[in-house]
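Biologist: Could you walk me through this model before I start reading it in detail?
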Amino acid sequence: MASGPITARPAREPLVPLSAAPSRSLRGLRSATRPIALLLSSIVVLVLMAALDTAPAGAAVDCGVPVPGEARVVVVVDDGSSPVSTQCLRVPLGTTGSQLLVRRAGLLGTAMPGHAGSGLLCTIDAFPSSGCAETGAGSYWANFSGTAGTWIYSNYNPFIRRVCDGDVEGWRYVVRGSGGAGDAAPRPDAASLRPADAQGCDRTGDGASVGAASGGGAPTGAGGRGAASDPGAMSSGAVEAPSGAIPGADPTDASSIGTGAAAGAATSTGSGTATDAAARASTRAVTSQSAATSWIGIVAVATIIGALALAALLRARRTA
Amino acid sequence: MTGPVDTVVSVGSVGARPDGRRRIASRRMLHPGAWWIWATALAAAALRTTNPLLLGLILAVVAHVVMARRTDAPWSRSFGGFLRIGVFVILVRVVFQMLFGVRIDGTTLFSIPSVTLPSWAAGVSLGGPVTLEALIGAACQGLRLAVVIACFGAASSLCSPYRMLRALPSALYEAGVAITVALTFAPQAAIVSRQVREARRLRGRTDRGPAAWLGSAMPVLEGALERSVALAASMDARGYGRRGVTSRRLRRAISATLLLGLCAIAVGAYGLLDDTVPAMLRLPPLMLGAAALTAALVLSGRRLERTRYRADPWSTPEWIVASSGVVALITMIVAGRNGAALEFSVYPLAAPSFLALPTVGILLALLPAQFAPRPALAAPAEFEVAA
């Protein structure tokens with residue numbers, strides 16, 4: 001198995017000024033040179049970092065030291081074509097597998113996981129773009145546990161299953177799979193991912209109650225405790241603008257910025273799929289911008305529905 | 001049995017009269033095929049989404065058009081019944097989610113006793129905590145089915161089943177009885193249910209509530225089937241589905257071609273729905289089936305000696321109605337291809353996303369409320385005035 005693409009180096013300071021670059025450049029050529037220079041230099045730095053980061057690929061993900069009451073969970077998301085994303089999350093003990101994915105999306109700034117009405121997980125990081133449409137064809141996100149050192153196909157409901165310290169969670173997008181243990185596992189080697197000092201499920205006392213308490217509110221808080229304990233993750237809030245707003249940047253660069261800025265998401269061996277990552281990053285920017293117009297649309301549609309229903313009701317009364 | 005039928009059919013078919021053309025053109029029955037295309041396209045659009053905004057919009061559009069353009073024929077009252085079936089479907093889906101549905105994390109409303117299953121059945125759950133997310137997801141899935149039912153209810157309350165029978169391609173006359181029963185059962189049920197309710201009221205019993213429902217279900221079903229079969233028999237006796245003079249060999253050839261075509265289309269349709277079957281079993285059988293059906297149609301149509309009395313025209317209003325439904329479906333498909341979130345994600349719970357393209361497309365399906373001609377009234381007086 002190719003275990004190349006795993007890294008977890010967060011990109012730090014150079015990213016923050018980027019968000020200001022496009023608006024300043026409007027004031028004229030002279031004042032525009034500085035942000036552009038800054039932009040170019042930061043691209044160079046990021047490319048260098050990405051190049052350096054690929055060197056220790058395959059090494060264990062840095063999760064920090066164990067803290068009582070917290071679980072360090074390595075989440076591997078492999079859509080089968082793009083570079084594998086490997087992320088270590090610090091979550092309260094008792095967090096469920098689904099809450100992990102929500103936290104991961106909040107931390108990386110990617111789209112929230114999409115679940116169908118039946119609870120079926122359809123999309124992670126907005127992949128596949130067709131949503132739940134392909135599930136009928138046997139293509140789906142398969143859940144694996146890599147805690148034992150090999151990937152084991154999971155039959156458990158991730159909404160219920162609670163994680164322990166040192167767990168390795170794998171999500172692999174299976175194309176036309178059988179829906180059983182024979183389906184393709186995540187590409188990285190599971191054995192290399194587990195923190196050496198894993199504490200396992202030491203849930204004396206508060207484990208279950210913590211899980212129940214965090215059930216309602218936790219998923220919406222982007223990052224939460226996990227973000228706070230990881231300094232690299234602090235920049236995740238400022239991610240949206242720059243990734244979509246770099247004019248004329250080479251797709252490879254854009255992708256390394258996009259994922260690099262997203263606080264330590266793993267990047268990249270295959271450069272062929274870089275455009276895909278760039279596209280995803282720009283989609284992310286667009287969706288955040290249209291949040292306000294979306295609410296106007298929702299209210300408008302609801303009003304139309306109400307008006308039509310009222311008109312139909314009145315007509316029915318009149319003819320009855 | 002034929003009371004309301006006769007009046008409506010005769011009034012509806014004044015379109016061919018040379019005099020008073022404008023007056024007649026403004027009030028006539030739309031071709032039933034147009035309504036069925038419109039409704040089927042909207043149902044197909046509803047099947048592609050669980051977004052409650054889009055589903056609610058489709059439902060509102062369909063209800064509005066039905067109320068604007070239904071006749072006062074007995075079957076036109078059936079739309080409310082279809083809506084009630086839809087509500088029932090949603091309730092059943094929600095209850096099943098509570099009992100056997102996959103447990104979804106989130107805001108727990110209440111818990112029901114659960115059974116712990118062995119590890120090989122870990123994906124199945126019986127009972128357990130019931131969350132708001134799970135209920136909303138189940139309600140949206142139920143709503144999708146309810147909207148599909150409402151679409152077909154709209155078609156069957158907007159157009160006369162008898163005119164639909166007339167509009168059928170002649171090759172299908174071979175299966176005359178079956179098709180008559182299939183097409184007229186729902187409208188007949190609407191007529192019978194009204195009669196049964198009236199009878200209950202006359203006897204001094206209530207016609208509301210579950211008791212009335214249980215009491216009238218059997219007579220309604222039985223009566224509707226009886227009336228459909230009686231209609232089929234009388235049509236058969238009057239020569240519906242009769243062939244002209246054909247040799248036995250040709251007749252057999254037509255039947256064999258028809259059967260082959262239908263089987264091939266069934267295989268192809270299954271292949272389209274289930275993507276795991278090989279590609280060879282998808283498009284080729286569909287095309288083979290379509291070719292065989294066309295051949296059968298042409299062969300049998302040539303042999304059928306049949307004239308049309310006051311044929312339903314297919315003109316601009318029919319094109320507008322049919323294409324407005326198809327446009328709604330196309331916008332839904334295009335939006336899905338472009339990665340719009342047609343699936344309403346229940347976890348983490350968020351407001352349903354507003355999708356401009358399908359919204360506009362579905363609103364276009366409102367056009368029939370304005371552009372379909374007003375239905376001819378069933379009252380004989382109106383017929384006289386129009387003539």
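Modeller: Let me begin with a definition: two strands pair if DSSP finds at least two bridges between them, where strands (E, at least two residues) and helices (H or I, at least four residues) are DSSP runs numbered from the N terminus. This is a predicted model, in which local features need pLDDT of at least 70 and side-chain atom pairs count only at pLDDT 80 or more, while totals for chains, interfaces and linings use all residues. Residues are numbered from 1 along each chain as its sequence is written, chains are lettered from A and ligands numbered from 1 in the order in which they are written, and side-chain values use heavy atoms, with hydrogens and water left out.

Biologist: OK, what is the strand order of the open sheet in chain A?
Modeller: The five strands of that open sheet run in the order 2-1-7-5-6, with mixed pairing. Strand 2 (85–92) and strand 6 (152–153) of chain A each have a single partner strand, so they stand at the edges with one side left without a neighbour in the sheet.

Biologist: And how many bridges join strand 5 to strand 7 in chain A?
Modeller: Six bridges join strand 5 (residues 140–145) to strand 7 (residues 168–174) of chain A, and the two run antiparallel; Ser145(A), for instance, has Glu169(A) of strand 7 as its bridge partner.

Biologist: Where is confidence highest and lowest in chain A?
Modeller: By pLDDT, the predictor's confidence in each residue from 0 to 100, strand 7 of chain A is highest at 91, whereas helix 5 (residues 224–228) of chain A is lowest at a mean of 31. Chain A averages 65, with 51% of the residues scoring at least 70, and pLDDT stays under 50 over residues 203–277 of chain A, for which the model has 122 contacts (heavy atoms within 4.5 Å) beyond four places in sequence. Where pLDDT is low, the predicted coordinates should not be read in detail.

Biologist: What about chain B, what does it average?
Modeller: Chain B averages a pLDDT of 81, and 83% of the residues score at least 70.
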